[in-house]
Amino acid sequence: MSTPASNQPEQSPEPRPFRGWVLNQHHLTKLLLAVAGTLTLLIGMALSWFSSLPDIRSINDYHPQVATLILDRHHEAIDAIGREFRLLIAYDELPPLLPKAFVAAEDSRFWEHEGLDGWSIARAAFNNLRSGRRSQGGSTITQQVTRALLLSREKSYTRKLAEAILSYRLEHLLSKEEILTIYLNEIYLGEGAYGVEAAARTYFGKHARELNLGEVALLAGLPQSPSNYSPLRQPKAARARQRYVLNRMAEDGIVDDETARQAFDQGLQLAGNWRKSINGYFGAHVRAQLRTVYSDEDLYQKGLTVTTTVDSRLQELAAKAVQAGVTRVGMRHLDTPPPQGALVTINGKTGHILTMIGGTDFTENQFNRAVQANRQPGSAFKPVVYAAALEQGVNPATLYNDAPITLDSGNKPPWQPHNFMHKYRGSISLGEALVQSSNVIAVRLLQQIGVDPASRMAKKMGINAPLADNLTLALGTSPVSLAQLTAAYTIFANQGVYQPPVAIIQIREQNGSIRSWPKPAGRQVISAHTAAWIQETLRQVVQRGTGQNASGVPGAAGKTGTTDNNIDAWFIGSAQGLTTGVWIGHDRDTTLGNGETGGRAAAPAWKHFMLQALR
């Protein structure tokens, strides 16, 4: 029998709590807290990163390295000292077309954008994609300034973000003219030149304000690739790039087509390597003197302007005379390497060094043979001995026996000095002995007055090299520098007064203050009577003695010097207030060749220079 069904409704089971929802909500809370913490950390890091970015808020915050500029006595630039050759120039000093040319070539929408140019970036990306290589960049001038001044060269997304942020900020802190001023002073333009003023000096030997349209266009084409477009190294590529910039300027309406065409057709007059080819030795000499007062950081960064005594026009003549002189000697002896040469010119009245050529090519060898090399002067030292003798009271009219002499050398074999070609003249006056460069009488004279008075005289005349303490001093066996012996000769042409040689006149700092370079006072070293006698005798040397190859220069007075085996050839002489010394020889003690005396090898180079210099 079946049980009857219940009439009560069936109850459904009680629902369980949804634990999955509780767990997910808990996890979400933790996740939100983690996200909030992470965002806070990232924001903190970002703020810290932004605050650490370099800052430039005005044009006055721009303090680049500015090279020390070296000027000649006519205030023309001849050299520069610096890690970066940069010379600052203000915007209003630029020719009007120069900033326009750079804008046309580098950033045609510069005056419109706010630091970033989306159109240029898109165009560059499209062109790079089409060409399959990164041939174009979309950086604005503002970005280039930001990159140069405020950021490293690291290539990363972080740096690109920083560049974008800083470029935008720079646009709101500086005017467009200020940004362009920084750019035109900062940009690297090749051949060691930073900024348009340094580039104008480097490529054209002139100020930026003096550039014509063709020259402006060439500079504006360099930032893309300074080495590949350098007119000194890649003239064809440079001209092609110049044409591109001129076309861009015409397209933008800056100049008309005909003006652009004429500018290109004018060609380029390049200055060449103006800082090194001629003035390198003198520039190095000036730098060494400046370092006695200024630190390297001062010279590299503070933008000093140094006015010197050198005459760049005479420098060019001197370099050519030295080159011609060593070439003549080299052509006579083709079996040996060509020799070296040096030339120094000093104004005896002021002591100003007007020329200093220390070798045939500074770019190949920076050793300054005019200053750093001490060489045996041979008979060119004799006037110093004669000056000492006359100051000791020796009568120049005294007759001396020009005949072979034998001198005791202690434990060594007797010394027998001899004249050139063993030629002797018997009884002759002191003046004739100097004219004919008698070695025997020079030794007799030094033996008479003593070595010490001659050594003291040499030091009074500015020769500070160690000198031999024996009679060989009379024959110029003690090495001296060309610069010091040339300065000593100025005394004979300057009534016995020695003006210590000087290379620097004054220094102007960036703030405009002037600092005069110290110059020792001149001093009377020998009597005017002694100086006049020696100077007149040196005139006779040129007219009828060993220096006849220097004749033809009005008023020329000088002395030859030749050392054993024709290793060194010298001629030092004065005319019309200029005293010039010439040395020709090899860096190693190698003979110049048979017959290469001071009269044959050095005197013609002296004449070559002086005839043109005195014009």
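Reader: Which strand do four bridges join to β5, and do the two run parallel or antiparallel?

Author: Strand β15 (residues 504–508) is joined to β5 by four bridges, and the two run antiparallel. Two strands pair if DSSP finds at least two bridges between them. Helices (H or I, at least four residues) and strands (E, at least two) are DSSP runs, numbered from the N terminus. Within this pairing, Thr-305 stands opposite Arg-508 in β15.

Reader: Before we go on, what kind of model is this?

Author: This is a predicted model, where local features need pLDDT of at least 70, side-chain atom pairs count only at pLDDT 80 or more, and totals for chains, interfaces and linings use all residues. Residues are numbered from 1 along each chain as its sequence is written, and side-chain values use heavy atoms, with hydrogens and water left out.

Reader: Thanks! What is the order of strands in the open sheet?

Author: The order is β2-β1-β5-β15-β16, five strands with mixed pairing. At the edges stand β2 and β16 (514–516), each with a single partner strand, so one side of each has no neighbour in the sheet. From one strand to the next, the twist averages 20°; axes are lines fitted to C-alpha atoms, for helices over the stretch in contact, and angles run from 0 to 180 degrees between N-to-C directions.

Reader: Which helix packs on the sheet?

Author: Helix α11 (residues 280–290) does, touching β1, β2, β5 and β15. Its direction makes about 50° with that of β2. Contact here means heavy atoms within 4.5 Å.

Reader: How should I read a salt bridge, and how many are there?

Author: Side chains of opposite charge can pair when their charged atoms come close. The criterion is a side-chain nitrogen of Lys or Arg within 4 Å of a carboxyl oxygen of Asp or Glu. A search of the whole structure finds 25 salt bridges. One of them pairs Asp-568 with Arg-375, with the closest N and O atoms 2.9 Å apart. Asp-568 is in strand β19 (residues 568–575) and Arg-375 in strand β8 (residues 374–375), so this pair links distant parts of the chain, 193 residues apart.

Reader: Are Asp-568 and Arg-375 buried or exposed?

Author: Both are buried. Buried means under 20% relative accessible area, exposed over 50%, and partly exposed in between (1.4 Å probe, protein chains only).

Reader: Which residues touch the most other members of the largest nonpolar core?

Author: A nonpolar core is a set of buried Ala, Val, Leu, Ile, Met, Phe, Trp, Tyr and Cys residues joined through side-chain atoms within 4.5 Å. The largest has 81 residues, of which Leu-290, Phe-381, Leu-430, Leu-446 and Leu-485 touch the most other members. Its largest share, eight residues, comes from helix α18 (residues 482–493). Beyond its neighbours within four places in sequence, Leu-290 is in contact with residues including Ile-81, Val-306 and Ile-504. A second, separate core of 52 residues includes Tyr-203 and Leu-211.
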